[in-house]
Amino acid sequence: MATVRRERFTRPKPASAAATTFVLAVVEGPDTGMVVTLDASGPRALLGQSPVCSLRLTDPEVSRRHASLAVTASHLQLIDLGSTNGTTVNGVLIKEASLVGGEAIRVGRTVMQVRREAPRFVELAQSSSFGRVLGESPAMRKLFPVLASLAASDTPVLLEGEAGTGKELVAEELHLAGRRKDAPFVTLDASALPTQELAARLFGAPEQEEPGLLEQARGGVLFINEVGNLPRDIQTRLHDVIAGAGGHDVRIIAGTRRDLDRDVASGRFAEELFFALAAGRVELPPLREREGDVALLARQFWKELATNEAEQALPEDFLPRFEHYPWPGNVRELKSAVVARSALGELGQAYRSEEAKDSGLDFLSAVIEDDLPFPSARERVVKEFERRYVERVLARHGGSVTKAARASGVAHRYFQLIRARLK
């Protein structure tokens, strides 16, 4: 019989994806009768009195930005944004909760019933790219039509995502796919400059020989990375630019890894600027949520580094070593791993996240800098600790679960449960 070889990391590309769906129905309070449907194909939804909230309530006891709601593959994540009167689920005061359906949420005088619906199937783009932005995962293929639509407009854009998810590359491709493609694309990294220099760099100053970045980007695009780092006075001036004041003909694309919902609620970020940017709000998924894309990207990075056609095939041992690695530095760290293997050969096999550490993107730093709620941050750190510990103790004992459990000081069954949870 002939043997058919199928690559372990290659999967067929689905035409559609099931989007987890929840329905929130207001059953008590001033807005009784309001019904809102949320699913995993959309961005986070804000709940509150502010005009930026997609779940806008008139209840005077509800904060302007009271809470956020995000649908994941398995649950509805509810986060209180530091509201004045708090958020309860089934009578329990919460800061963050994962809902599965059937719960009652109370905010102020308003009560909402949560109902889980049958998954809604979302058509996925057949393309595996948007310019140089690559991805075959459902998470990315849901994103490509959104990016194409934004590229065709002049709407300001807010790109949110963890460090290393490719915000600047997406901004560049939006520019190249838009009507301003022949005009300048100018970048400002707000995290790389002292606060006192940001205004001069953006708007220019009399003592400067060259114009400010807004003038340099005239007719084109200005990408502001880490827009959440801008001082409030500059945020106000930037909002005026977006509103058309000052005669600046420039499209603003902003990127951030901060939770701007929380920053607005705390007064750290100007609501009017957020409102202007949120018209084109896009959340870039972390690499750990992009099933199959590690292999796609690794092969592409390796091909770009190859000096001849014979060297274009990625080493067979590269991908299996990272099968359960969470990539805290995301696409940037994956590229560093490929570069390390290409440059160091077999010596590069020891790579885990040294390159990420050199850039301040080691796992713990990445979690802290993402400004996650404490329970989410702790859960991510614990999972990563368990994965590393289990891998190390198993390797030290030749893969024997019995010996590894004994050396770990835990029961054999408990060790197996931890190990199964990591797969």
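**A guided reading of the predicted model**

The accessible surface of the protein comes to about 21,100 Å², and 52% of that area belongs to carbon and sulfur atoms. The model is a predicted one. Its chain has 423 residues, of which 45% count as buried. The secondary structure consists of 16 helices and 18 strands. Among contacts with a separation of 6 or more, 61% are accounted for by residues 24 or more positions apart.

Just after H6, Gly244 takes a positive phi of about 105°. Another residue of this region, Arg237, lies over the face of Phe203, at 3.8 Å from the ring centre.

Side chains of opposite charge can pair when their charged atoms come close. In this model the count comes to 25 salt bridges. One of them joins Glu61 to Arg109, with the closest N and O atoms 3.7 Å apart. Glu61 lies in the loop between strand S4 (55–56) and strand S5 (67–71), and Arg109 in the loop between strand S10 (104–107) and strand S11 (110–123), so the pair ties together parts that are 48 residues apart in sequence. Glu61 is partly exposed, with a relative accessible area of 36%, and Arg109 is also classed as partly exposed, at 41% relative accessibility.

A further salt bridge links the side chains of Arg115 and Glu117, at 3.0 Å from N to O. Arg115 is partly exposed at 43% relative accessibility, and Glu117 is partly exposed at 33%.

The side chains of Glu162 and Arg288 likewise meet in a salt bridge, at 2.4 Å from N to O. Glu162 is in the loop between strand S14 (157–160) and helix H3 (167–176), while Arg288 is in the loop between strand S18 (281–283) and helix H9 (293–305), so the pair ties together parts that are 126 residues apart in sequence. Glu162 counts as buried, at 11% relative accessibility, whereas Arg288 is partly exposed, with a relative accessible area of 33%. Beyond individual pairs, salt bridges that share partners join Arg44, Arg65, Glu160, Asp259, Asp261, Arg262, Arg281 and Glu283 into one network. Arg65, a member of that network, also has its charged end over the ring of Phe274, 4.6 Å from the ring centre.

The model contains four aromatic pairs. In one of these, Phe318 and Phe322 form a tilted arrangement, 5.1 Å centre to centre with 45° between the planes. Both Phe318 and Phe322 are buried. These two residues belong to one aromatic cluster together with Tyr325 and Trp327.

Trp327 has a positive phi of about 50° although it is not a glycine. Asn330, placed in helix H11, is another residue other than glycine with a positive phi, near 60°. At 0% relative accessibility, Asn330 counts as buried.

A last pair of positions concerns separation along the chain and in space. Val146 is found in helix H2 (residues 143–151) and is partly exposed, with a relative accessible area of 37%. Val146 and Gly280 are 134 residues apart in sequence, while their C-alpha atoms are 9.2 Å apart in space.

Conventions. Residues are numbered from 1 along each chain as its sequence is written. This is a predicted model: local features need pLDDT of at least 70, side-chain atom pairs count only at pLDDT 80 or more; totals for chains, interfaces and linings use all residues. Side-chain values use heavy atoms; hydrogens and water are left out. Helices (H or I, at least four residues) and strands (E, at least two) are DSSP runs, numbered from the N terminus. A salt bridge is a side-chain nitrogen of Lys or Arg within 4 Å of a carboxyl oxygen of Asp or Glu. Buried means under 20% relative accessible area, exposed over 50%, partly exposed in between (1.4 Å probe, protein chains only). Contact means heavy atoms within 4.5 Å. Accessible areas come from the Shrake-Rupley method with a 1.4 Å probe; for residues, only the protein chains shown count as cover. Rings of Phe, Tyr and Trp (its six-membered ring) pair if their centres lie within 6.5 Å; planes under 30 degrees apart count as stacked, over 60 as edge-to-face and the rest as tilted. A charge sits over a ring if NZ of Lys or CZ of Arg is within 6 Å of the ring centre and within 35 degrees of the ring normal.
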